[in-house]
Amino acid sequence: MTKREVFARNSSSYPCHCHDKKSLEIYMFIDPLCPECWALEPVLKKLHIEYGQYFTFKYVVSGRLANLNLGRKHNFEKSQELWEKTGSRFGMSCDGSLWLENPISAPYLTFIAIKAAELQGRKAGIRFLRKLQEMLFLEKQNVATLDVLITCADLTGLDVEEFVCDIHSDSAAKAFQCDLKITSEMDVTEIPTLVFFNENIEEEGIKITGIYPYEIYVQIMEEMLEEKPVRSEPPPLEIFLRHYHFVSSMEIALIYNMNVQDVERELKKLQLKQIVEKVPAKHGAFWKLNTRKNLAR
């Protein structure tokens, strides 16, 4: 049984925007340091590919800043244990040794940086968040340092000079405070949490906390739409990789309804053609587009 609540939309802080006249808006409450938010990535990708014509995502940056900023050793050890358990359980690798080798004791700048990236557009913000998570969970980089955040911005194609200015601006700080206000008003106390709203502002939303099988999220969409949505087929695997550039075997397995062994068998064929490269990780493997090979095509 999912942990879900009916939620009344009664604040001007979070009107249903329903961009491009899409029927649903999904508020995704995230903590960039939360391994379960990282583990939810395959589900979000699959939702976007199969039913993206029905909804828009709004990421709301949340988290337990008070706890994280304490910097106590036992918090780091608990974080290491949680990361390792999450990586083993969901197959989205995250290396918990970061918390002993290069711990993040003050993540406030990380949160602000995500809002600064979003000032260059919603898609830019999403790209930045994904790259930040990769650098954190896979490369064990301290994403609370300005140098790492600038590298992340550069790798995701942001205007770096503008990004640095925005990190220190009132606009990014106010955007983060707005996210914290929405988190409080929606009574979100656990991360990750998704809240589904339809286009009728008078109707209640549905809030679901944690990670559940993909079918649960589709069922909630059907309830909100009051009809069975038309499912889109995923693109050919090579096209998918050209779009996302860096993905895990687990993500591909979920999206294409395959087991991991079959996924890696198909990817090895693309590897032999030098289209992709395999990136071993602590729990499972990731695959990235061979940039040099593809630029030559």
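1. K46 and E50 form a salt bridge (a side-chain nitrogen of Lys or Arg within 4 Å of a carboxyl oxygen of Asp or Glu), with the closest N and O atoms 3.1 Å apart. The two residues are four apart in helix α2, about one helical turn. K46 is buried at a relative accessible area of 3%, and E50 is buried at 2%. Buried denotes under 20% relative accessible area, exposed over 50%, and partly exposed in between (1.4 Å probe, protein chains only).

2. The model is predicted: local features need pLDDT of at least 70, side-chain atom pairs count only at pLDDT 80 or more, and totals for chains, interfaces and linings use all residues. Residues are numbered from 1 along each chain as its sequence is written, and side-chain values use heavy atoms, with hydrogens and water left out.

3. A second salt bridge joins the side chains of E41 and R130 (2.9 Å, N to O). E41 belongs to helix α2 and R130 to helix α7 (residues 122-137), so the pair ties together parts 89 residues apart in sequence. Both E41 and R130 are buried. Helices here are DSSP runs (H or I, at least four residues), as are strands (E, at least two), numbered from the N terminus.

4. E41 and R130 also belong to a salt-bridge network with K45, K131, E134 and E251. The whole structure contains 21 salt bridges.

5. In helix α12 (residues 237-244), L237, F240 and L241 are buried. Viewed down the axis of α12, its buried residues fall within an arc of 95 degrees (taken from the directions from the helix axis to the C-beta atoms), so they line one face of the helix.
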